[in-house]
Amino acid sequence: MDCGLCEIIQTLAALAVIALILVLLIAHCSASKMVDLKRHEKEKTFLTSKGEQEAFPALQDPHSKELSVVVPSYNEELRLPVMMEEAMEYLEKRQKRQPSFTYEVIIVDDGSTDKTTEIALNYTRKYGSDKVRVLTLVKNRGKGGAVRVGTLSCRGKLILMADADGATKFADIEKVEAGLQALSPKPENMAISCGSRAHLEQDSVAQRSMFRTFLMYGFHFLVWFFCVKGIRDTQCGFKLFTREAASRTFSSLHVERWAFDVELLYIAQCLKIPIAEVAVNWTEIEGSKLVPFWSWLQMGKDLIFIRLRYITGAWSLESPRKVD
């Protein structure tokens with residue numbers, strides 16, 4: 001009986017090793033070595049308020065604004081106006097209070113099939129292209145791809161990633177700014193401040209089904225086990241980067257879908273970039289593009305592959321380079 005049990009254990013151990021080797025091989029062989037920073041000719045320019053095409057700058061250029069706000073948008077013709085009205089009201093009032101404060105908002109239309117670009121261009125016409133620029137991607141890349149292309153086109157000393165649904169109160173930027181300043185990012189000026197909904201987790205669990213709660217905790221465990229330590233909420237779409245930190249992290253970003261936040265923070269921790277986590281106000285807005293089961297499954301696979309691809313050398317941390 002003991003011999004039979006030993007044989008079963010040995011067989012299971014052998015199968016586990018074979019499965020691990022297979023997963024490693026799949027993760028390594030299915031990975032593209034370099035980050036794809038190429039963009040279509042139409043994605044290199046924006047439309048001015050006069051209807052003229054102008055070229056976007058590069059993240060490697062010196063900054064010329066205090067703040068850049070990158071808003072990834074996919075089929076957001078209904079939710080984008082609510083978010084933009086709140087954001088522009090805050091930014092305009094702040095500029096009046098602080099004349100030295102300058103900003104830009106880059107709305108990235110991630111290959112939408114609705115009127116997202118048309119709605120976004122209304123704000124360019126209203127505020128001018130120095131303040132609001134629209135970057136329309138020829139095809140859908142995913143939220144991570146949209147944020148990366150927008151970030152690589154920024155002029156800001158600080159760069160804020162903000163979701164188009166307006167779930168986070170825009171005025172909470174002052175909280176994440178305070179978190180960034182507390183990190184004292186000098187002399188290399190590397191720092192990231194993440195908005196966090198972790199303080200709301202207990203209330204959200206009470207409103208969720210057991211299945212969704214299980215998926216949530218499973219995702220948190222995978223994030224902690226494979227990629228990011230010490231950050232309770234990696235997925236809040238309200239993150240503030242210094243220009244230098246954005247340049248280093250986004251230049252190495254491979255994941256273009258939902259798990260891109262995790263890879264960004266994994267890269268930051270590998271580079272020893274200090275990260276703050278700051279509680280922000282957050283309200284769930286209807287119209288999420290995330291499909292509960294399949295999106296979580298995709299994110300779970302991405303989390304495992306992120307770590308394995310860096311371990312096997314399929315992916316590596318790259319030096320900042322200009323978009324082709």
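## Ser112 and the basis of the model

Ser112 sits in the loop between β4 (103-109) and α3 (116-127). Helices (H or I, at least four residues) and strands (E, at least two) are DSSP runs, numbered from the N terminus. Ser112 is buried, with a relative accessible area of 18%. Buried means under 20% relative accessible area, exposed over 50%, and partly exposed in between (1.4 Å probe, protein chains only). Ser112 and Leu137 are 25 residues apart in sequence, and their C-alpha atoms are 8.4 Å apart in space.

This is a predicted model: local features need pLDDT of at least 70, side-chain atom pairs count only at pLDDT 80 or more, and totals for chains, interfaces and linings use all residues. Residues are numbered from 1 along each chain as its sequence is written, and side-chain values use heavy atoms, with hydrogens and water left out.

## Salt bridges

The structure holds 15 salt bridges. The rule asks for a side-chain nitrogen of Lys or Arg within 4 Å of a carboxyl oxygen of Asp or Glu. Glu76 pairs with Arg79, with the closest N and O atoms 2.8 Å apart. Both Glu76 and Arg79 are buried.

Arg97 and Glu174 form another salt bridge, at 3.9 Å from N to O. Arg97 lies in helix α2 (residues 80-97) and Glu174 in helix α5, so the pair ties together parts that are 77 residues apart in sequence. Arg97 is exposed, at 52% relative accessibility. Glu174 is partly exposed, at 40%.

Arg197 and Asp233 also meet in a salt bridge, at 2.8 Å from N to O. This pair links distant parts of the chain, 36 residues apart: Arg197 is in the loop between β7 (192-196) and α6 (201-207), and Asp233 is in the loop between α7 (210-227) and β8. Arg197 is partly exposed at 23% relative accessibility, while Asp233 is buried at 6%. Salt bridges that share partners join Lys65, Glu104, Asp130 and Arg155 into one network.

## Aromatic rings

There are 11 aromatic pairs in the structure. Rings of Phe, Tyr and Trp (its six-membered ring) pair if their centres lie within 6.5 Å; planes under 30 degrees apart count as stacked, over 60 as edge-to-face and the rest as tilted. The ring centres of Phe170 and Phe238 are 6.3 Å apart and the planes meet at 85 degrees, so this pair is edge-to-face. The two residues are 68 apart in the chain: Phe170 is in the loop between β6 (156-162) and α5 (173-182), and Phe238 is in strand β8 (residues 238-242). Both Phe170 and Phe238 are buried.

Ring pairs also link Phe221, Trp224, Phe225 and Phe226 into a cluster. The charged end of Lys229 sits over the ring of Trp224, 5.5 Å from its centre. Likewise, the charged end of Arg94 sits over the ring of Phe101, 4.4 Å from its centre. The test is NZ of Lys or CZ of Arg within 6 Å of the ring centre and within 35 degrees of the ring normal.

## Cysteines

How many disulfides are there? The count is 0, where a disulfide is a pair of cysteine sulfur atoms within 2.5 Å. For Cys236, the closest cysteine sulfur is in Cys194, 8.4 Å away and too far for a bond. Cys236 is buried, with a relative accessible area of 1%. For Cys270, the closest cysteine sulfur is in Cys227, 9.1 Å away and again too far for a bond. Cys270 is partly exposed, at 39% relative accessibility.
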